[in-house]
Amino acid sequence: MKGLVIKNTGSWYTVLTDDGQLLDCKVKGNFRIKGIRSTNPVAVGDHVTVGEGNWITEIDDRRNYIIRKSINLSKQSHILAANVDQALLIVTVSKPETSTTFIDRFLASAEAYRVPVILIFNKVDVLNDDELHYQQMMIDLYETIGYECRAISAETGVGVEELRPLLEGKITLLSGNSGVGKSTLINRLVPHANQRTAEISDAHQTGMHTTTFSEMIPLTTHPSPLTSHHSPLTSKSWLIDTPGIKGFGTFDMEREELTSYFKEIFEFSKQCRFSDCTHTHEPGCAVLKAVEDHYIAQSRYQSYLSMLDDKDENKYREAY
C-alpha cells in the first residue's frame, strides 16, 4: 500500500494512504537509507510503501530534502522534510533576533538540495523605527541576491493573506528559530490547525519550543462533508510545520561545492585567477575584491567563512 508520511512523532509515523486511510506506522529497526546517516530514516513528505502490520517497508526516491546536522550526533543528519516545492524561512530582526549566519546557512543548504526559499520577516508590528530600518536593509540585501522577501505580522494579520497565492498547489516547508512566530502564522493561514504558541522568554529573548515534531498541514478552504475537519484528501497545498531550531549545522557539503551555494559569491568566483580558489587568501581572487568593494555583503562572506570553518573543524556549531 502506497502513502504519504504526514506526521512524525519520533518513533511513529502517520501515513495518508492513496485510498484515504490514516495509518499509524513504524519503521523496522534495521531500515536505513543507503548513503544517508540520519537520525530519522523516514521524513515527513516521504512517499512510502506500507506492508503488513503497518510497517513501512520502502521509501520512494526523493526529489529533494532539507537536511541539517543532528544536534547530539555530529556525524549524523536530521532530515527536516522531503519532496518540498519551496521553503518559507521565518525570521525576525527583534524578539528574538535571527542572525544573518543562521539565515545564510539555511539558504546555502536549500541551494544544495534545490529548494527555493522565500524569506518571511515577521513581527513588523513590534519593531521600532531603527529596527524597521535594519529590516529594510536586510530585505534589500537578500532581494539583491535574488531571494523573494515579505514583511508581515502573523499576530495582527498584516501581509499574511498576500502569502496565500504563493502557497497554492505547493508543498511548503516552514522553518525558523524558536519564537519567530511559525505557529502563529500557521494559525492565521489555517485556523483549524490549532497550533500551540508560547510567549518569548524575556530573560533571553528566545522562543520556547511549541512544536516537538514535524507535521504536514493541509492548506484548504473546503471542509470535508464527512467530518467537521478539513479533509487532507482534497488538498494539493500543504504546510510542513517543523520544530523551531536554534542552530543550523550544515551536512555533507564539500569545500569546493560551497561557493556555488552562495549565489553572488559564485558569480564573482568565475573571475578568480585560480579555478580552485577558496576565496580566503589567494592572489587574483575576484570574491575578495568584491567584498572589499562592497559588491558582496560582509555578513554573507562571514557566513561563507563560517561554513568553510565547519569543514575544517567537523563539528556542529549551535551558536549559529
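Me: In this predicted model, contact means heavy atoms within 4.5 Å. With which residues is Leu258 in contact, leaving aside its neighbours within four places in sequence?

Reply: Leu258 belongs to helix α5, which covers residues 255–258. Once the neighbours within four places in sequence are left aside, the contacts of Leu258 are Met253, Tyr304, Met307 and Leu308.

Me: Is Leu258 buried or exposed?

Reply: The term buried applies under 20% relative accessible area. The relative accessibility of Leu258 is 2%, so this residue counts as buried.

Me: What distance separates the C-alpha atoms of Leu258 and Ala108?

Reply: Along the chain, Leu258 and Ala108 are 150 residues apart.

Me: How are the rings of Tyr301 and Tyr304 arranged, stacked or edge-to-face?

Reply: The structure holds 4 aromatic pairs. For Tyr301 and Tyr304, the ring centres are 6.2 Å apart and the planes stand at 25°. Planes under 30 degrees apart meet the criterion, so the pair is stacked.

Me: Which helix holds both Tyr301 and Tyr304?

Reply: Both residues are buried, Tyr301 with a relative accessible area of 6% and Tyr304 at 1% relative accessibility. They lie 3 residues apart, about one turn of the helix, and the element in question is helix α8 (residues 298–313).

Me: Which residue has its charged end over the ring of Tyr147?

Reply: A separate case of a residue over a ring is Arg62, which lies over the face of Tyr65 at 5.7 Å from the ring centre. For Tyr147, the charged end sits 4.1 Å from the ring centre and belongs to Lys263.

How values were computed:
Residues are numbered from 1 along each chain as its sequence is written. This is a predicted model: local features need pLDDT of at least 70, side-chain atom pairs count only at pLDDT 80 or more; totals for chains, interfaces and linings use all residues. Side-chain values use heavy atoms; hydrogens and water are left out. Helices (H or I, at least four residues) and strands (E, at least two) are DSSP runs, numbered from the N terminus. Buried means under 20% relative accessible area, exposed over 50%, partly exposed in between (1.4 Å probe, protein chains only). Rings of Phe, Tyr and Trp (its six-membered ring) pair if their centres lie within 6.5 Å; planes under 30 degrees apart count as stacked, over 60 as edge-to-face and the rest as tilted. A charge sits over a ring if NZ of Lys or CZ of Arg is within 6 Å of the ring centre and within 35 degrees of the ring normal.
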